[in-house]
Every structure is written in structure tokens, then in C-alpha cells.
Amino acid sequence: MGSIGVLLVAQVMPYLEQELDKRYKLFRAWDYPNAVQLPSQHATSIRAVVGNASAGADAALIEALPKLEIVSSFSVGVDKVDLEKCREKGIRVTYTPDVLTDDVADLAIGLMLALLRRICECDRYVRSGNWKHGDYKLTTKFSGKTVGIIGLGRIGQAIAKRAEAFNCPICYYSRTEKRDSKYKYYPSVVELASNCDILVVACPLTEETHHIINREVMNALGPKGYLINIGRGKHVDEAELVPALVEGRLGGAGLDVFENEPVVPQELFELENVVLLPHVGSGTLETRTAMADLVLGNLEAHFLGKPLLTPLV
Amino acid sequence: MAEDEMKGLPKVLVLGPPLCFPSIQSLYSHKFHFLKPHLSDLSLQDFLHHHRPPSITAILCGANYSITAEVLHLLPSLRLLVTCSAGTNHVDLRECRRRGIQVASAGPLFSEDVADTAVALLIDGMRKISAADRWLRTQNLHNTPWDLFPFGSKLSGKQVGIVGLGSIGMEVAKRLECFGCIISYNSKHKKTRVSYPFYSSVIELATTCDVLVLCCELNEQTKHIINREVILALGKGGFIVNIGRGGLIDEKELVKCLMEGEIGGAGLDVFENEPHVPQELFEMNNVVLSPHSAAITKESFVNICELAGGNLEAFFSNKPLITPVMLPE
């Protein structure tokens with residue numbers, strides 16, 4: 001298999017890169033300033049692309065790789081892969097569902113707690129020596145708050161299960177109502193936002209869900225409402241988010257993702273009602289290793305003509 | 001309210017004062033005559049000279065004032081102590097029993113908030129939330145690639161040992177179970193209606209678990225219950241959360257073990273000598289620190305004012321206390 005060309009389009013954990021390098025002829029996109037202009041000799045040997053949340057395979061890349069058979073994403077979100085183009089050309093696409101569900105859901109709750117109970121601010125308060133001058137102020141209780149979830153898939157359901165342990169009533173919005181769900185359904189995101197205290201984005205990023213959190217939703221969530229984003233940065237209209245937070249129209253935000261990572265709007269750093277993370281939703285050794293094994297397993301299955309482990313297309 | 005009107009009201013001596021006292025005062029000043037030595041420069045003894053100690057039958061206090069036998073001795077007619085805390089380690093409970101003084105605490109009022117904080121500190125520590133937020137705010141100016149931030153540790157599926165399975169411990173267990181954590185516990189006595197595995201010693205619990213959450217009260221038996229031996233038994237990947245009392249942990253040893261890498265990390269809301277926190281912890285990225293704020297929410301604040309006032313009212317109307325504390329033999 002050492003002659004099969006695999007193009008790695010994003011920096012991934014060393015274990016994955018090393019294994020890909022061992023098993024295949026590995027090309028790293030950053031060695032070629034413009035991947036679309038990969039020397040044609042290499043372009044025709046590339047049969048697989050490995051990407052992640054930040055880079056995948058758009059139409060231009062797919063067109064530039066005439067022998068491409070499979071795109072294996074080191075992520076569960078595949079918004080950077082042109083799925084339509086892949087379907088059209090019969091290119092398989094795999095992703096990493098399930099193995100990261102727990103970590104992402106844990107982090108979502110961690111963000112809610114950190115935000116409402118000002119955990120990061122309190123930690124700063126102690127480290128700065130300010131505790132010697134007085135107690136920290138009153139924070140907001142988390143238990144019992146209504147949690148609204150956008151997208152009741154694997155991750156959304158895992159978040160709901162955890163929040164329920166804190167006696168949080170759960171409500172949700174999704175493309176279609178889940179008839180067998182015990183949670184309250186709202187037919188629009190604005191209605192969901194109006195009826196919950198904490199709104200979590202847990203759906204895939206598509207054309208329909210781009211900027212699903214817009215000014216109207218933020219206003220509906222309100223000065224005592226909190227936004228948690230563990231989806232994709234582009235779920236949230238960041239240009240509207242910043243003034244909403246600064247003006248107090250939105251109570252606070254816990255963000256693991258941003259529209260243009262690794263760029264974070266500077267204004268957010270001035271605020272004490274935000275928690276900001278560098279896209280660590282699946283960031284544990286256990287989970288990333290399991291994700292890497294899925295990428296490797298899917299590629300191996302494909303090239304051996306066996307059924308894919310976790311196909312999307 | 002005029003002085004002479006106040007004279008008819010039952011006297012309550014306020015010691016501490018508890019954080020919530022200003023609110024309690026505004027809610028209940030028409031029902032009780034609050035005596036406030038904290039506003040005076042006099043010693044407690046001298047302050048009391050002006051107020052006829054035999055006429056004082058109730059104390060309202062916070063966890064920040066030691067109610068010793070000496071303090072109790074100043075009030076020969078004392079019959080009630082209301083503390084605005086769940087913890088009672090600041091009260092000489094034996095002396096209260098000997099004197100026939102009833103004690104009321106916050107009972108289970110703060111248990112949800114405190115359990116929430118325990119889980120918050122645990123997730124933050126394992127997944128490096130505060131460390132990542134801090135990193136982002138300093139590193140982002142240089143547009144450092146985010147994959148340079150180190151991995152956290154998965155929480156789901158970890159073995160969590162709860163030390164003290166009372167009201168708070170049960171709330172912590174209930175929450176962490178839904179994260180897929182495997183719960184076991186150590187407590188003074190095995191709980192009959194609980195299915196979690198029981199360990200009769202903390203060291204056995206620490207040997208089996210990845211995480212310890214301290215939820216027990218501080219007393220003679222539990223002082224420094226977390227010592228070097230227990231910390232080493234928990235091991236290099238282990239994490240300790242303390243939302244009980246600082247005295248439960250041998251703080252010097254904990255700091256040493258953290259510095260030596262003998263333990264993975266810690267989430268601490270309480271310390272042996274608050275508000276002093278060992279400086280060494282400030283340099284560490286594997287600890288999360290909070291200023292004894294586990295119960296300090298707007299909601300709990302409103303609730304404790306109501307509860308403390310309610311206990312005072314019950315006492316002065318000869319009714320049973322709402323949240324009486326069981327006094328030791």
C-alpha cells in the first residue's frame with residue numbers, strides 16, 4: 001500500500017501523521033503553496049485526502065485530483081468537504097462519529113458551568129491575589145436552568161442527558177420534530193431562544209444552518225440568556241455577537257469555535273461574561289487517538305475493498 | 001425603626017457577619033433586634049456589656065466566625081445558634097449539646113450549587129478550560145496555531161471516588177453518573193439504600209479511582225484525611241476536587257505532590273488558611289482555583305436569607321427548627 005498517494009490537507013496529531021506516512025505515500029498540503037497546482041505526477045497518484053475541521057476537500061481540490069477515491073475526515077463535522085461533488089463523482093467520504101460524542105458533550109456542560117459560575121474569572125481572581133481584598137461576587141446557579149439544544153443528534157442528545165442530571169428542563173429545535181423524544185420541541189430557533197436560559201448549538205454546519213444564531217436569536221435569548229457554541233464558528237454571526245455581548249443584549253457566551261480560527265475577535269477578550277476555547281471539543285488523547293484509528297481504519301477498509309467503518313457518502 | 005420599638009423585639013447577636021447579613025437585616029429588622037459587634041471597635045465581651053448578655057438567646061453567624069466554648073460562655077441564656085453555612089466545623093457542637101443550645105444550619109440548601117461547582121472544577125481541570133481560556137487570551141495575539149495547546153483528559157468513563165456521601169456527595173454522584181463516570185465512595189458508614197460500591201478507607205478508594213471529590217464535613221476524624229499516602233495512591237494521572245473544607249487536605253503535601261508531578265491536578269474551592277492560597281499553585285496550569293464560592297449564587301443568597309430568617313422565626317415562636325443540626329454525643 002506504500003505506493004497509494006494520500007494528501008493530508010491539515011495539521012493533525014503526530015500519531016495519525018506518522019501512521020499515514022508509514023502506510024501510504026503521504027503528501028502534505030503545506031509543502032505545496034497551492035494544492036490545486038500539485039505537480040501533475042503527484043496529483044494522479046493521490047487516491048485519498050485526509051482533512052479535519054479546518055480543511056477538507058472543496059470542489060477545486062476534488063477537480064485537481066482525478067484519481068481521488070475517498071476523503072477521510074479527522075472530524076465529525078464535514079462542512080469543509082463538498083459532499084455534493086463527492087456524490088457526483090462517486091468519491092467516498094468518512095467521518096468520526098460516536099468516538100468524540102462524550103468529550104464534546106462534556107465540554108459543552110463544562111462551558112455552561114464555567115460561564116454561569118464564572119469559573120475562569122474566579123480562577124483569575126484567586127491567582128491575582130484579589131481574594132485577599134474581598135469575596136468574588138454572586139454568580140448564577142446552573143442547576144434547574146432551561147437548556148435549549150439546536151440539533152438533537154448524537155452530541156445534542158448526550159448534552160441533554162448530562163443537563164438532565166442537573167435538573168435542567170430540556171427543549172430543542174431541529175429540522176424535523178423527533179416524535180419519540182421526551183423533550184419539548186420548538187419549530188423555530190427564535191422561539192427556542194425565547195424559551196430557554198442556555199442555548200447550545202449542536203447541529204452540522206450546512207447552507208441552512210450558516211449564521212443560524214443571528215441578531216434576532218441573540219436578542220430573543222436576551223440579557224439573562226447564554227449561548228454555547230460547540231458546533232462550527234459559522235453557526236454564529238460573530239459580527240453581531242460581539243456588539244450583543246458588549247451592549248448586554250446577550251447575557252454571555254461560551255465558545256469553542258470561531259468563524260475564522262485561529263482568529264478571535266479582540267473585543268471578546270475584554271469581557272468577563274465569555275469563556276473562549278481554542279477548538280478543544282474532542283481534544284483528549286483518548287478521543288483523538290480513537291478518531292485517528294477511524295481515519296486509518298476507513299482508509300484501510302477502502303483500499304482492501306472492504307465495507308467502510310463510518311461512511312457518510 | 002425607633003429604639004423603643006426595637007426594645008420589644010427578640011435580640012439576635014450577629015457574629016461574622018455572614019455574607020448575606022445585609023439582606024437578612026433588611027428583610028427581618030422589623031422582627032428581630034440585631035446586635036452588630038462587627039460595627040463596633042470593642043471586643044465582643046465589652047460590646048456585650050451594653051446589651052445585657054442574659055437577655056440574648058440567639059446568635060446568627062457565618063462560617064467565618066469561630067463559635068468556641070469561650071464565646072458561648074459569654075451568653076448564659078443562649079438557646080439558639082443559626083449559621084448561614086452548611087458546614088458546622090466552626091461551631092463547638094459538643095459545647096452546644098452540653099449547654100442545650102439548638103443549632104440550625106443551611107442544611108441541604110446549597111447542595112445543588114456546591115455539587116455544580118464540584119463538577120465545574122472537575123471538567124475544567126480535566127479538560128483544561130480555564131487554562132485554555134487563559135492561553136487563548138495571551139497566545140492569540142501571536143496567532144499561535146491552536147493544535148499547540150495540549151490535550152486534556154477524558155472525563156466520561158473515569159472512576160470517581162466521593163469522600164462523604166451526604167447531601168452534597170449524592171448530588172455530585174447523580175451528576176457525574178450521567179457523564180458515564182463510575183461512582184464509588186467512602187463515608188463514615190456504608191449507606192444502605194445506595195448501590196455505589198463502598199470503600200471503608202479513603203486510601204482504598206484512592207487506589208481504585210482516577211478522581212476524588214471531597215464532600216465531607218471537617219471534624220477531628222476527617223482533618224487531613226487526604227494526606228501524602230492517599231495522594232500517591234491516587235497517582236500521577238489523578239485529580240482531586242475539594243469543595244468541603246481546606247483542612248480535609250494536607251495542603252503542604254498537596255502542593256509538594258503537584259510540584260513533583262505525583263498527581264495529575266486539582267480543583268480547589270477551599271484552603272487551609274483562606275483567603276491565603278499557596279503561591280506555588282499560581283504557577284500551575286493543572287490546578288483550578290476558586291475563592292470559596294461554591295455556594296455563592298444569587299439564588300442561594302436569596303434562599304439562605306429566607307431560611308435563616310425562617311429558623312429564627314420558628315425558634316422565637318416555639319416551633320421546630322427548619323434545618324436543625326444533629327449534635328454529637
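How many bridges join strand β8 of chain B to strand β9 of chain B, and do these strands run parallel or antiparallel?

Analyst: Strands β8 (residues 211-214) and β9 (residues 239-242) of chain B are joined by 4 bridges and run parallel. This is a predicted model, in which local features need pLDDT of at least 70 and side-chain atom pairs count only at pLDDT 80 or more, while totals for chains, interfaces and linings use all residues. Residues are numbered from 1 along each chain as its sequence is written, chains are lettered from A and ligands numbered from 1 in the order in which they are written, and side-chain values use heavy atoms, with hydrogens and water left out.

Strands (E, at least two residues) and helices (H or I, at least four) are DSSP runs numbered from the N terminus, and two strands pair if DSSP finds at least two bridges between them. In general, strands of a sheet pair through backbone hydrogen bonds, either parallel or antiparallel.

Elsewhere in chain B, a cis peptide bond joins G16(B) and P17(B), with omega of about -10 degrees. P17(B) lies in the loop between β1 (11-15) and α2 (21-28).

Chain B also meets chain A: 59 residues of chain B are in contact (heavy atoms within 4.5 Å) with 62 residues of chain A. Between the two chains there are 7 salt bridges, each a side-chain nitrogen of Lys or Arg within 4 Å of a carboxyl oxygen of Asp or Glu. One of them links the side chains of K145(A) and E299(B), at 2.8 Å from N to O. On the side of chain A that touches chain B, at least two residues each come from α5 (101-116), α6 (119-127), α7 (154-164), β12 (274-276) and α11 (285-303) of chain A. The most is given by α5(A), with 9 residues.
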